[in-house]
Amino acid sequence: MFRTLAKATAAIAVVCTAAGAGLALDEGRAGAATPTAGSATRTASSAGASSAGASSAGSAFTGSDFTGTRKIRVDGHSVNVSCAGRAHRGRPLVMLMAGGGEGLDNMAALQKSLSRTNRVCSYDRLGEGASDQPAAGTLQTVDDTGALLTGVLDRLAGDRPVVLAGHSLGGYIAARYAPGHTDRVKGLVLLDATIPHLTRDMNRTIPADATGVPAQVRDGAIAVNEGQNPEQFVIADGPVRSAGHIPVEILKHESQYAEVPEYGPALEKMWAGGQREWQRISTRSSLTTAKGSGHYIHTDRPDLALKAVQKVAHRAAHQH
């Protein structure tokens, strides 16, 4: 991912680079491997699969007949995807969605674990990993990212049910997408998802007269939310819409802001409040604190992330 002026900025904006804001925001935890957004196609071995025989972009295939990484065409864009595991009758496809500033390989270990019992895929959004860049000078909205996700699911899932499992910005996008697509999305897992009102809550938590790192954190987060990130994606505040009764597991970090002592407790309260907001997405939602975890729950507590996805996938397969 990206380097910071201080570790204190980790996971404040939980997205990408704050271009022009004088600060690069880092989702990554200290010492974690952090691939760059513009790197080449990820190795399929990292997702527990071989990419031998991968086809060229745009070739025809169904979502259940390949293992590894491939390029597909969605609305005129080249999108990098990875799939592993066998499709089982009645079982949903699990779609993993990485955080901002990261490619699909960031969730490769989770994909490998899940592939032992599930058909699981992941993809690079426009501006991330090995997918195309968004059009220069344009901003993407939730409608744009949703349209891309629909196109990817059309190719990889067909008419099968889907469970979305997203980390950080990926979780935010999944949570915004699910309520309008309950015909397809039958379960949701949010791993420290970007909160629904990050700009509003950041302004409330760190005052306008703050200076130093706290001011950089606030201004950087807001700049990212306005579209100064690799995806050129506007992370807009908004209410949580209902997705009915689908099973939803929400995991939040235990501690992330210790290095911003002046505002750390308030930021933790802000983040926890945002995770509680996400609970409104379903009458069957559950919120859990991942003990011993920072923002990267699937890295710090892979056991909890795996359990959450498996639980939702099982419920999605058996709901009536």
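Which unit do β7, helix α3 and β8 make?

**View 1. β7, helix α3 (residues 169-177) and β8 form a right-handed β-α-β unit.** The model is predicted: local features need pLDDT of at least 70, side-chain atom pairs count only at pLDDT 80 or more, and totals for chains, interfaces and linings use all residues. Residues are numbered from 1 along each chain as its sequence is written, and side-chain values use heavy atoms, without hydrogens and water. Helices (H or I, at least four residues) and strands (E, at least two) are DSSP runs, numbered from the N terminus. Right-handed means that, with the strands pointing away from the viewer, the path from the first strand over the helix to the second runs clockwise.

**View 2. Strand β7 (residues 162-167) is largely enclosed by the rest of the structure, because six of its six residues are buried.** Buried means under 20% relative accessible area, exposed over 50%, partly exposed in between (1.4 Å probe, protein chains only). One face holds Val162, Leu164 and Gly166; the other holds Val163, Ala165 and His167.

**View 3. β7 pairs with strand β5 (residues 93-97) and with strand β8 (residues 185-191).** Pairing requires at least two DSSP bridges between two strands. β5 and β7 run parallel over five bridges; methionine 97 has glycine 166 as its bridge partner. β7 and β8 are also parallel, over six bridges. Here leucine 164 partners leucine 188.

**View 4. A disulfide joins cysteine 83 to cysteine 121, S to S 2.0 Å.** The criterion is a pair of cysteine sulfur atoms within 2.5 Å. Cysteine 83 sits in strand β4 (residues 77-84) and cysteine 121 in strand β6 (residues 120-123), so the bond ties together parts 38 residues apart in sequence. The S-S torsion is about 110 degrees, so the disulfide is right-handed. Cysteine 83 is buried at 0% relative accessibility; cysteine 121 is buried, with a relative accessible area of 0%.
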